[in-house]
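Thank you all for coming; I would like to take a few minutes to walk through one structure with you. Please have a look at it first, and then we will go through it together.

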Amino acid sequence: MHQHEKLYHIGLCKADLEGADYAILPGDPGRVEKIAALMENARQIGSNREYTSWLAETRGVRVLVMSTGMGGPSTAIGVEELHMLGVSHLIRVGTCGGMQLQVQAGDLVVVNGAIRQEGTSKEYLPIEFPAIADIDVTIALRQAAKELGLPSHTGVVQCKDSFYGQHDPARMPVSYELENKWQAWIRGGALGSEMETAALYTVSQVLGVQAGAVMLCVWNQEREKAGLDQKETHDTTGAIRTAIRAVEILAGV
Ligand SMILES: O=P(O)(O)O[C@H]1O[C@H](CO)[C@@H](O)[C@H]1O
Ligand SMILES: O=c1cc[nH]c(=O)[nH]1
């Protein structure tokens, strides 16, 4: 691929990345500048559709920060195009809703696997194939959270395409399926619910890219149902610092 050929969706070319091997991927375009600003030499390099892109450095390691938008389709396209530009390591920094009573608002979830209750990953691999994280990225994220003294859990998240199917399943004509499966995911130990990681892990697996993810738990509808606290938090700083530290660990700096 030509150094200056801009890719159709993310609007970036190889030259824009200045050799960055690592990318931090939030869903929300509004989180990109905040992530980049926690590193050095942060500058915006692109903005196209849901893909807002900044470049920065941490301890001399160049890092691309790019939003994926919400859901599997735009995440899969972003991963495909970053792979075309030569990015080898992807870390999603997202938010999730807690599913187990011990996963409280403000806690981190390091994601070692994702339930594929979404559509995008099914266009890559049959449903029997698991969506799993890269082991080295996962270990780096766990170590980073520990070093930073942040409360974290490691495990599986559920990925779906309908945010309101998670929060108001009874309203949906397929409530019988949403409600029964939600109970099964909880009984299986799923820690949180979000929308991108199954696609991220499945596409990364197919392309041979190393991917991991860390989530901030913003609330927990199961704690609410159980009559426990109804806390809510949207401060992603701890999750972001964890991802940045994980990049340093992986790069050995
Ligand atoms: O905060 P982000 O990274 O967007 O992640 C979560 O938030 C969105 C839903 O509110 C979905 O994208 C979900 O996966
Ligand atoms: O409850 C939540 C919170 C964040 N993202 C989701 O998809 N669900």
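This is a predicted model: local features need pLDDT of at least 70, side-chain atom pairs count only at pLDDT 80 or more; totals for chains, interfaces and linings use all residues.

Let me begin with the shell around ligand 2, which by class has four nonpolar, four polar and one charged residues, where Ala, Val, Leu, Ile, Met, Phe, Trp, Tyr, Cys and Pro count as nonpolar, Asp, Glu, Lys and Arg as charged, and the others, Gly among them, as polar. Residues are numbered from 1 along each chain as its sequence is written, and chains are lettered from A and ligands numbered from 1 in the order in which they are written.

Which residues are around ligand 2? They are Thr95, Cys96, Gly97, Phe163, Gln166, Ser193, Glu194, Met195 and Val218, each with its C-beta atom, placed from the backbone, within 6 Å of the ligand. The largest share of this shell, three residues, comes from β5, one of the strands, which are DSSP runs of E of at least two residues, just as helices are runs of H or I of at least four, both numbered from the N terminus.

Turning to ligand 1, the residues around that ligand include Pro26, Asp28, Met70 and Glu196, and by class its shell has four nonpolar, three polar and three charged residues.

Finally, where do helices α3 and α7 meet? Among the α3 residues in the contact are Gly72 and Val79, and among those in α7 are Ala198 and Leu207, contact being C-beta atoms, placed from the backbone, within 7 Å. The residues of this contact divide into seven nonpolar, four polar and one charged.

Technical notes:
Two residues are in contact if their C-beta atoms, placed from the backbone, lie within 7 Å.
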